[in-house]
Amino acid sequence: MASNQESNRPQNTRAIMTFLREHAPFSSMDDAHLAHFAEHASLRFYADGDVVLSPDEGIVKRFYVVKQGRIRGERHNEKEDRTETTFEISRGECFPLAAMIGERPTRTLHRADGDTFCLSIEQDAFITLFSESDPFRDFCLRGVSSLLDQVNQRIQSGAMASIGSSNSLDTPLERYALRNPIVCSPDLPVRKAVARMHENNVGSIIITDDNRHPTGIFTLRDLRTMIAEEKGPLDTPVRQVMTPDPCRLPAHADAFEAAMLMAEHHFAHLCVVDDEQRLIGVVSERDLFALQRVDLVNLARTIGTATHLRTLVSLRSDVSRLVDAMLAHGADSGQVVKIITTLNDVTVRRVLELNIQKNDPGIPFTWLTFGSEGRQEQTLLTDQDNGILFRTPEGMTEDQVREKLLPFAQTVNKELAECGFTLCKGNIMASNPKLCLSDREWDDWFIRFIDASTPQNLVYSSIFLDMRAVFGPTEPLHELLEKVLARIRKNALFQKMLAGNAFQRKPPLTMFRNFRYLNDEKKHALDLKRQGLAPFVEAVRVFALANGVETANTLERMEELAKKGVFDPKDANAWKEAYSLIQAIRMRAHQEMLDRGEELTNYIDPDDLNPLDRRILRESFRQAQRLQQKLEVTYQL
Amino acid sequence: MLDYIKQWLERRRAGHIGDHDRDNLPSPKAAGDQLLSNSRLIVLDLETTGLNAAKDEVIAIGAVAISGGVIHLDDQFDLILRRPELDISETVLIHGIGPEALTQGHETEDALLYLLEWMNGDPVLAYHSAFDQKFLEKTLKSVLGYTQPHLWIDVADLLPAFFPDAKPGGKGLDHWADCFGLEVSERHHAAADALVTAELTLVALNKAGKDDVKTLKDLNDKLRYHRRLQNMHRF
């Protein structure tokens, strides 16, 4: 019957339905609704530059789909008195959504960008579809953001297949937290506390004061240690054996924050408190991950307590498995790179600790990481960029300190390589005498670096200006950074050189907004890291350094810049989203390469992507162009 | 309009004879001062059993209407005629209309009456229109005895007249479609060819508006002038 009906439709109706089916939301709509659209559609042509829809035309009465060509949205920027392209609508995309739903005029001038054909339906056909088709209504109501959702959903479902659960890490903690946690007063003997835990079948008990503020936590693990190490009889008041001052988070924090905190500190329970710091619940690692079988905390703990290098090496494959699981559980790409970085940090720390145990150089130091690790933006493909910052002990020269630290650093670099952190080809490693420096030497180094803006220095800027402490005291680095940032703020020339350098890295779009491929040899390859992410990273770095933003993470830098009013909040959001989406597509590609047993690269062929991802990628690159325009205007490049 | 076609098709299936007012068939309109932006134009494509209008026959008619510079897809025509007696062996590979389709097609007389009513005397555009004009006029005359001449406009003339600098790879419909990046959903399907021809017409009408060609008469004059220019170049 269906096929019979199909063949009774005029050829041109069928052809339009076929066209629609390739695009969201039509791809998930019923044939009857697609036919309704096709039969009520009209087809219009707009030559390059023709106005398609204008704010002056009053309430919008038609709903359009681009059949061929492209529409660009124009808004007048009053501050700079020029016209800006705010968005692009390409083949298969719909407009205007918000104005149509809101029954108001459009706020943006829609203009044809090249010769363009649009299908459109009148308001009554739109209303019919809106009221009868659920996918269509959902799409319209959620607007463009649903496109992004779809990409995220696909990223998740790809990795989901092996696990099968959809609890999102964005879930507020209060939903996970156990209400009415088991509590006791500090003076209760351990025996009674354990009995209370046993009765309630829980693994922990919170010790609170009279105001219900948590003062300590006692877990089964503490009990085990207490008995094994014979710390005292079971009549001991619990306050003597509890872990004081337990970690706490407010109820509105999300599961991701809790997981990160647990992974960083290796504990399995967190107190959930209200605004007055009163205990309202407990959330355990098991609560967070039992359903998901994502063992972030356990993995971090295993890495953090491994006693041999070979254990650390073998745990690296678990990290990859975990990333897969994280993607499956709704962690966005920003979350996942942070998890990878956290686990990498734990590994680096453990390698350092094991080496200190074996062969302590005897001098306190701060282990620095640079570049993507410094920005907390590592993916599975990573190499080491690190250095050492020390304060010269009295009575020693800096070279004497280096004599002790360098052999140590050499072993650490070698062992990190065994753990999967590729040795840095440019020798940007702590074992390099030029990167194992005292606070005074680093400061001198940066003075020369900023004053002598040589081309090599500009290449280094992407490494050394994204810096973070992974191990050891953080105060020396903070002091160093304050001086460096102050110097850069004062040095307009250096800023301009940095900006000029960042501006060189063009997003891979041609004048016609097609993908610009890497080179003739790699005809269909895009380098998502160098061509896709780097334009964001580099441009954002310039703004961050020029405005005294100390953090190295690109997303956090953008947030800070929005808070400081340097970026328009809407722009900052669009750029964060675009950056994250490129990162997500890159990470998914990495997981797929791992599955196929291939070596990891940052190359993808956009033809391998589905149309939606291709569109998203193109729009994300366009956002990078907008960010560069801002750079261009700010620094008059 | 599409609902009208549906009703008509249903009546046909139920065995009714079409209800047509044969004495009051619409008269063709002349190229006068009507504004292009207000006119209804028919864009038509025929599939035939061969290229010789003297012996070959029409087997499918596809057409869309342009009103006010817009193609309204609820105003279109897409029919295969019922002509089981025809030999289609020469062309079946081109248009894909086989003997079975021809037996299930629509009663020719009824379909042509309906076409005339639907065209409503409006100007007819086609790509290499001389071909379609010869076939349609011959068929209308032999089946219905209808001889009133419609105003025909050749889209193959329209495009070079408005885009003298365009360099299509040749003079065919496909060349111009490629030139403007158009896709044909199913080439040599009358209705699909008619739609792509109509899309090209929209492109030309857009340009016409900017070149101050406002009325049907302006358009006709411009084409006549263009043809004369072409003929002069030939000598």
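The contact between the two chains draws 26 residues from chain B and 24 residues from chain A. Please bear in mind that this is a predicted model. Between chain B and chain A, about 2,000 Å² of area is buried, and carbon and sulfur atoms give 52% of that figure. How many salt bridges does the rule find across the interface of chain B and chain A? It finds 2. In one salt bridge, B:Glu199 pairs with A:Lys67, and the closest N and O atoms are 3.0 Å apart.

I turn next to helix 5 of chain B, residues 129–144. At 1.5 Å a residue, its 16 residues should span 22 Å, and the end C-alpha atoms lie 21 Å apart, which agrees. Which residues of this helix are buried? They are B:Ser129, B:Asp132, B:Phe135, B:Leu136, B:Thr139, B:Leu140 and B:Leu144. Because these residues cover an arc of only 135° around the axis, they sit on the same side of helix 5 of chain B. The face turned away from that buried side carries the exposed residues B:Lys134, B:Lys141 and B:Ser142.

As for what covers the buried residues of helix 5, the elements of chain B involved include strand 1 (40–48), strand 2 (58–67) and helix 4 (108–119). Strand 4 (124–126) and strand 5 (152–154) of chain B are also among them. Just after helix 5 of chain B comes B:Gly145, with a positive phi of about 70°.

That brings me to backbone geometry. Most residues other than glycine have a negative phi, and most peptide bonds are trans. Two residues other than glycine with a positive phi deserve mention here. B:Asn120 has phi near 60°, and its place is the loop between helix 4 and strand 4 of chain B. With a relative accessible area of 37%, B:Asn120 is partly exposed. In chain A, phi of A:Asp245 is near 50°. A:Asp245 lies in the loop between strand 13 (243–244) and strand 14 (248–250) of chain A. Is A:Asp245 buried or exposed? Its relative accessibility is 58%, so A:Asp245 counts as exposed, the cut-off being over 50%.

Now to the cis peptide bonds. The bond from A:Ala24 to A:Pro25 is cis, with omega near 0°. A:Pro25 belongs to the loop between helix 2 (11–21) and helix 3 (31–40) of chain A. The bond from A:Phe95 to A:Pro96 is also cis, and its omega is near -15°. A:Pro96 is located in the loop between strand 6 (94–95) and helix 4 (97–102) of chain A.

Helix 2 of chain A is itself mostly covered, with 8 of its 11 residues buried. Those buried residues are A:Gln11, A:Asn12, A:Thr13, A:Ala15, A:Ile16, A:Met17, A:Phe19 and A:Leu20.

A:Arg586 is part of helix 24, residues 569–595. Apart from neighbours within four places in sequence, A:Arg586 is in contact with A:Thr379, A:Leu528, A:Lys529, A:Leu533 and A:Asn602.

Definitions and conventions: Residues are numbered from 1 along each chain as its sequence is written. Chains are lettered from A and ligands numbered from 1 in the order in which they are written. This is a predicted model: local features need pLDDT of at least 70, side-chain atom pairs count only at pLDDT 80 or more; totals for chains, interfaces and linings use all residues. Side-chain values use heavy atoms; hydrogens and water are left out. Helices (H or I, at least four residues) and strands (E, at least two) are DSSP runs, numbered from the N terminus. The expected span of a helix is 1.5 Å times one less than its number of residues. Buried means under 20% relative accessible area, exposed over 50%, partly exposed in between (1.4 Å probe, protein chains only). The arc is that of the directions from the helix axis to the C-beta atoms. Contact means heavy atoms within 4.5 Å. Buried area is the accessible area (1.4 Å probe) that two parts lose on being put together, summed over both. A salt bridge is a side-chain nitrogen of Lys or Arg within 4 Å of a carboxyl oxygen of Asp or Glu.
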